[in-house]
Amino acid sequence: MTATIRVAAAPISWGVCEVPGWGRVLDAGTVLGEMAALGVQATELGPPGYLPRDPAELRELLGRYDLTLVGGFLAVVLHENQENALKEAEESAALFAACGGDVLVLAAATGLDGYDERPKLTDAEWATLVETASKIHDIAAAHGLHTVLHPHVGTHVEQQAEVERFLADSDLGLCLDTGHLMIGGTDPVELAKRYPERVGHVHLKDVRADLAAEVRAGRLGYTDAVGRGIYTPLGEGDVDVASMVRSVQAAGYDGWYVLEQDTALGAESPDDVPRRDTERSLAHLAKILDSL
C-alpha cells in the first residue's frame, strides 16, 4: 500500500447511525479501539452526539486511539428552511476544522426520519436545494474544508437522473459512495470515468445486486435491506471496487478512501461482526492497492 493512499473508517460500519431505532449501538471506546487495532488511520465523525461535539474533548478522544478526523456526514434539509441548514453547516464545519478534518459530506435530507420515503420536489425546491448546497460549500471553505454532495438512498439526490441533474446544476464535487450509487441505479465505475474531476471523496461499499434491485423497485425498504445484508465486505458483493479504485487513482485522486459498510446490529448480533467485516474489507482493499 503506497504512502499516498489514505484509508479511513466510519462509525456506521459498527452500526452507529442517526436513524431512530436503527439497531444496537456499541460504545465509542469499542468502536474507535477496534478501528485503531485494525490499522485504520482516521475516522469520519458519525452521527451527532455519538462522539463529543466539544473540539478539545474530541481531539483528546481521537488522540487516545491515534486516530485523526477526516470530517463528517451532514444530512440536512436543503430544499427549505435554508437558514436552519446554514446554521447546522456552520456548527459542523467549525467542529470538523477545529479537529483537523478536511471534508464536509453533505446529503440532501428529506426531513423525514430514516431513509425509506422520499417526497417529490418541485422545480423551485430543487433550485433551493442547489443554492443551499452552494452556500454550505462557501461556509465550509471559510473553515478550510471542501464540501461534497453525497448521493444517498432516501435523500433527494439518490437516483441516476438526480445525480446527473445535480452535476449539471451545481459545481460541487461528489462523494463517490459505491454502494448508495449502485442502489440508486448509477454504476459508480462508469460515473467515476465520466466525471473524474468531480470525485471529491470516496466511500467504499460493496453491495448485493439482488437486494439493491429490490430497494430500487420499491419492493424492499432500505432499513430492512440493511438488516438482510445488502452490504457485504469488499470483494464479496457485486460492485467492481477494483475498477473504481483504479479509475479514480489514474485520474489523480488523492483524498480519503473511507470504508463505510452500513450495518445494523440486532439484539442477538455478535459484537465482533463489524470488526471482522471491516478486517475483510481492509484485506481486499490492500490487494487492490498493491496491484496499482
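Which hand, left or right, does the crossing of α10 and α11 have?

1. The crossing of α10 and α11 is right-handed, a term used when the near helix is turned clockwise from the far one by less than a right angle, anticlockwise being left-handed. This is a predicted model, in which local features need pLDDT of at least 70 and side-chain atom pairs count only at pLDDT 80 or more, while totals for chains, interfaces and linings use all residues. Residues are numbered from 1 along each chain as its sequence is written, and side-chain values use heavy atoms, with hydrogens and water left out.

2. Helix α10 (residues 241-250) packs against helix α11 (residues 273-290) at an angle of about 45°, their axes lying 10 Å apart. That makes α10 oblique to α11 (angles under 35 degrees count as roughly parallel, over 145 as roughly antiparallel, 65 to 115 as roughly perpendicular, and the rest as oblique). V241, A242 and V245 of α10 make the contact with L285, I288 and L289 of α11, where contact means heavy atoms within 4.5 Å.

3. The chain holds 11 helices and 10 strands, these being DSSP runs (H or I of at least four residues for helices, E of at least two for strands). Its C-alpha trace spans about 50 × 45 × 40 Å along the principal axes.

4. Of the 292 residues of the chain, 54% count as buried, that is, under 20% relative accessible area with a 1.4 Å probe and protein chains only. Among contacts in the chain with a separation of 6 or more, 82% are accounted for by residues 24 or more positions apart.

Key
Axes are lines fitted to C-alpha atoms, for helices over the stretch in contact, and angles run from 0 to 180 degrees between N-to-C directions. Buried means under 20% relative accessible area, exposed over 50%, partly exposed in between (1.4 Å probe, protein chains only).
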